[in-house]
Amino acid sequence: MFMLSGLFANRSIRFKLLFYFVIITLFSIAALSILGSTLYKNAIEEETNAHTVQMMDQVKNHIEVYIKEMDNIIYYLSQDASVIEFMRRSNNESGQLKLLDSKVRKLQRVYIEKHVEIAGAMIVSRNNQFASSGLEPITRDFMTEEQWYKKAALQPEHIHLFSHPIGRNIRAEQNLSADQVLSFVRAVKDPLTGQVLGVILIDMKLDIIQAIVESVSLGKSGFIFIMDENGGVVYSPVNPIVYRISGDWMEGRSGKVIRQVNELEYQMIYNTFPEFDWRIVGVFPLKESLQVVADIQFYTVIIALVTLLLAFMASWYFTNAIVRPVGKLRSLMKKVEEGELHLRFPSKTKDEIGQLGNSFNHMVQEIDNLIHLVYLEQREKREAELKILQAQIKPHFLYNTLDTIQWMAQDRDADDIVDIVVALTHLFRISLSKGREVIPLSDEIQHVESYLIIQMARYEDKLSFEIDIPQELQTLSVLKIILQPLVENAIYHGIKEKLAKGTIRIHGSAEDNKLVLVVEDDGVGFEAERLIQMNESFHAIRQSGEDRGYGLYNVNERIKLSYGSGYGLTIESERGQGSKIVVKLPLMVG
């Protein structure tokens, strides 16, 4: 046998399989004994049960996906500010309720349009106000008196499922009966007080579960059905025995039981959904799965005993010949999954396993190369993003045109136009900077001063500014066009909305080996929630393909891409008191 190992080392696995099976077949027409037949019977039973469990798990997992999706939708609805505000409003606030009702219905329609499995949604507050889409009440009775509402309000920590919700004061706009929907209900708590504000209900079409259940089969006459916590049938394919099966037969959360139904013995394997007491049950007749075993036992019991030992030895050697290298390859794969990309499979043969090992080695090498290429690509992409903000403008034509406008204004003694044109010329010259990304701080100050001169001409007496940056700092080098977007933000989101005259102050200092530039305004400021959102976005990692627009976010992004995460923008603001944007840059000598 060991000599054959060397002889067949480079042969294909197909050849080895054929050889070993021929040897076994020559000494045992059918290598089974009474014990073997029994084991084969058990194997068939286990395989049938395993297949049933696998099909049940497949159905259960698909159903759980939809249940989780419905729960997530309810959660997202419950976290929406307009939904919470709608539930908080009392009946005497009709104007606000009407506006909030429109927002909530629009939000519901968004989810219904994106999820075809949803038949409708309804939000009911504790004040008996409701907003729905796809569903409507049948009578004017209080929704808060419905059983589904009371159950959800009493147990707000869980989602509740109602199959065949007969007797509700609700009907679907799609003319679906209670037997055609599955209801998901969860209470909504006030994030401030923890009290129940109301309940959200979503009806899902039962044909989704029907398609999932009917997509699998258990033999010729087996089937899978769903049973609720009360023993009622949520869904089952049409068959004559499902309503003769009692939920009392099934003890515990999972197991199997054999019962006689209509003079035939059926095995029922059941399992329970983890978050609620619904059961998924697989049913199949025992006679169908064991008939083949009975036939094989009759023909194989006579000759199986003689060949049992030889078959065992041959099978053992054959199994080891296959399993050992496969096990080695599996062990290497696990280590590669953990990041050890330097490992290789030591292939000593040229059969299929050896070829598989070579393919594995080639795959790991390619993965290592691709990771390196992705790293280089991402780095080059980041470098390219630093350059895309500068528009391509023909500078000489632009400067000549501005000079012409300046001369024409001087000829007409329009000094105010001359000042604006000169400021605009400085603005464009520094913006272009002959393609340079880094400029002296003095040029950056002149750039933002030119921008402010232009804006003062536009807003006249509504705007003034002060720039106080020490002379010794103005020789430092900075990224160009970082102050102007901040000033623009201060004008349009702060001073423009202010009734009185506003002032912008720009000052700088050196702190902790960093250049700190500050743009302050006495405008209207930001709301606290908006301020938190902006500061969080400055520290968040930018996702691939994400576009936050041009302005504060891009200034912050350019700084972090150029100097690292220790630098960038921070906003301090108070509603009605103004805003302050702090820019932190490295001290770089030009």
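## Exercises on charged side chains

Glu 437 is partly exposed, with a relative accessible area of 25%, where buried means under 20%, exposed over 50% and partly exposed in between (1.4 Å probe, protein chains only). The model is predicted, so local features need pLDDT of at least 70 and side-chain atom pairs count only at pLDDT 80 or more, while totals for chains, interfaces and linings use all residues. Residues are numbered from 1 along each chain as its sequence is written, and side-chain values use heavy atoms, with hydrogens and water left out.

**Exercise 1.** Find which side chain meets that of Glu 437 in a salt bridge, and work out which parts of the chain the pair ties together.

*Solution.* Begin with the distance: the side chains of Glu 437 and Arg 558 form a salt bridge at 2.4 Å, N to O, the term standing for a side-chain nitrogen of Lys or Arg within 4 Å of a carboxyl oxygen of Asp or Glu. Finally, consider accessibility: Arg 558 is buried, at 7% relative accessible area.

**Exercise 2.** Locate the salt bridge between Asp 277 and Arg 253 and describe how accessible Asp 277 and Arg 253 are.

*Solution.* A search of the whole structure finds 14 salt bridges, and the side chains of Asp 277 and Arg 253 meet in a salt bridge at 3.5 Å, N to O. Asp 277 lies in the loop between strand E11 (264-272) and strand E12 (279-285), whereas Arg 253 lies in the loop between strand E9 (233-235) and strand E10 (254-261), so the pair joins parts 24 residues apart in sequence. Asp 277 is partly exposed at 48%, and Arg 253 is partly exposed at 44%.

**Exercise 3.** Decide whether Lys 205 is buried or exposed, and state how far away the nearest side chain of opposite charge is.

*Solution.* Lys 205 is buried yet has no salt bridge, and the nearest side chain of opposite charge, that of Asp 207, is 5.9 Å away; for charge, Lys and Arg count as positive and Asp and Glu as negative, while His and the chain ends are not counted.

Key. Helix = DSSP H or I, 4+ residues; strand = E, 2+ residues; numbered from the N terminus.
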